[in-house]
Structures are given as C-alpha cells and as structure tokens.
Amino acid sequence: MKSFDGLKPLLMILPGLALALFIIGYPIYDLGYTSLQEVSRFGKLLGFAGLDNYREVFADPLFWGSLKRTFIWTVAVVLGTLSISLPVALILNDDFYGRGIARVIIMLPWAISLTMTAVVWRWALNGRAGLLNATLLNMGLIDEPIEWLAEAQLAFTVEILVGILVSIPFTTTIFLGGLSSLPRDSYEASMVDGATRWDQFRYITLPLMRPFINIAIVLNVIYVFNSLPIIWVMTEGGPANGTEILVTYLYKLAFRFGQLGKASAISLI
C-alpha cells in the first residue's frame, strides 16, 4: 500500500506528461524522419536519402553564415535586453507619483503583435519616406536620408536594436515580480549599517534576483533564437543574405524554394 502511495504523484501527472511528450515528441520524430528522406517541393516523400540532406546543409556557406548571425543576434538581443530591463524594473519598483501609469506604458508594447511592430519599424526606417529620417533631417542631425535597411551590417544592427526594444516589456515584468518578492527587512538592516544604494544593489538585490535573472535569460534565449517576424518583415534576410538567421533561412528553403528535406535537417539541428 505504501509503495502505491509513492506512485500516486506520478500517476496523477502521467496524462499531462504523455500529452506533452506527444505534442513535443511527434514533431521532432517527423522532422528527423523527413530529414532522412528525399522530398518533393509539394511534400511528397520520394525515398530514403540517408544523410544527404545534412551533407548539403553543412556544405552550404549560407548555413554557416546564418548560424553565426543567429548567435550574434541572440547574444546581443538578450544581453541588451537584460542590461536595460533591470534598471527599468528598479525604477518602476520605487514608490513615486505616476508609477502605475509608467508601468502601463512600459507594458503596452508587449500587447502589440510582433509582426505589426516590425511593419511599423520598416516604415519608420524607410530611406526616402521614413519617419526616422524625416525627424533627423528636421533636427539638423543628418544632411541627407540614410538607407537604414539597404546595407547588411547597418540593417542587422538596427534589427538587433528593435529586438531589444520589443523584449524589454516581458523581461521587465519578470524582474518586477522578483523585486516585489524581496524581503524589505534586509534593506532596512543594511541602511542601519550604513550601506549605500550601490551596496544594497550589489550585495542584496543582485544575489536575491539571481533566480529571476536566470529565468529571464533562459526564456529570452529560447524566444529570441527562434524569432522570425522582426528580420523577416524588415529585410527577409537581405540584402544579399546579410541579415539571414537560421529561422529565416529554413523558412525560405521550405516555403519559397521547396527544399523540405534540407529545411527539416536545419530545423532539427
């Protein structure tokens, strides 16, 4: 009877676990199977191809370029988001007049579709009729319009900045939840001992916020690594594949060029 009682928790989570394994496991299995097949552009399996799709992927210089930019994109956006979101959360955690309105303003971009945000930024960064160029020209900061999305390095930098901007609300929310749970008596005791605000941040806030920072890092890495809309809507991986990352590259392979076997291999990788 005691042994059965020990199995009760496992039996209770078993249905949900089985469903999760099916939802996650079957697509991975299907990708693995498809990646080993020769596939027509219409999705029909034509026969076993072994590791040919993987050989094509690893021999393709566009894959390695996309992989490199994917890591640059992920690291830059995640680090930039964390470095801005934590100070913003610290400010919003203080008690000041209008704090509720400020929190709403920070969270509002989170409610907007990422695709729509990218469309707005693509329009704003237009080299001829964009709002950004018009503003900079009116302020006398530039003498002629800048083609923000026409040169690969500049376009990729701009997309990283947009990626940081749209990731701040979600990360700030995580940090605000963590800050609201920190014990106030630790800060009061440190003030009695003569600790400065920097000392409190360094020796109390950062150590206690470590679990929330870890959560923010993990979730942002997963979210940013697989993020398609910003780069796809703004440049579609161009110009000359200069802003291509893995998800835009495999999207083109699968739905524009019909190379479903190769795309499945990249997706599995």
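This is a predicted model: local features need pLDDT of at least 70, side-chain atom pairs count only at pLDDT 80 or more; totals for chains, interfaces and linings use all residues.

The part I have in mind is helix α11 together with its partner α12: how do these two helices pack, and which residues make the contact?

Reply: The secondary structure comes to 12 helices and 2 strands, and from the N terminus on the elements run α-β-β-α-α-α-α-α-α-α-α-α-α-α. Along its principal axes the C-alpha trace spans about 80 × 75 × 30 Å, and the radius of gyration is 24 Å, whereas a compact globule of 269 residues would have a value near 18 Å. Of the 269 residues, 37% count as buried. Among contacts between residues at least 6 apart in sequence, 63% join residues at least 24 apart.

Now to the pair itself. Helix α11 covers residues 246–255 and helix α12 covers residues 260–268, and the two pack at an angle of about 160 degrees with their axes 8 Å apart. Because angles over 145 degrees count as roughly antiparallel, α11 and α12 are described as roughly antiparallel to each other. Their crossing is left-handed. On the side of α11 the contact is made by L246, Y249, L250, L253 and A254, and on the side of α12 by L260, K262, A263, I266 and S267.

Of the 10 residues of α11, 8 are buried, so the helix is largely enclosed by the rest of the structure. These buried residues are L246, V247, T248, Y249, L250, K252, L253 and A254, and they pack against α3 (61–93), α9 (197–225) and α10 (229–234) as well as against α12. Among the buried residues, L246, Y249, L250, L253 and A254 are also named in the contact with α12.

A last point concerns the end of the α12 stretch, residues 260–268, and a residue from another part of the chain. L268 and Y29 are 239 residues apart in sequence, yet they are 9.4 Å apart in space, C-alpha to C-alpha. Y29 lies in helix α1, which covers residues 2–35. With a relative accessible area of 53%, Y29 is exposed, whereas the residues of α11 listed above, including L250 and L253, are buried.

Note on methods:
Residues are numbered from 1 along each chain as its sequence is written. Side-chain values use heavy atoms; hydrogens and water are left out. Axes are lines fitted to C-alpha atoms, for helices over the stretch in contact, and angles run from 0 to 180 degrees between N-to-C directions. Helices (H or I, at least four residues) and strands (E, at least two) are DSSP runs, numbered from the N terminus. Angles under 35 degrees count as roughly parallel, over 145 as roughly antiparallel, 65 to 115 as roughly perpendicular and the rest as oblique. A crossing is left-handed if the near helix is turned anticlockwise from the far one by less than a right angle, and right-handed if clockwise. Contact means heavy atoms within 4.5 Å. The radius of gyration is taken over C-alpha atoms; the globule rule is 2.2 Å times the number of residues to the power 0.38. Buried means under 20% relative accessible area, exposed over 50%, partly exposed in between (1.4 Å probe, protein chains only).
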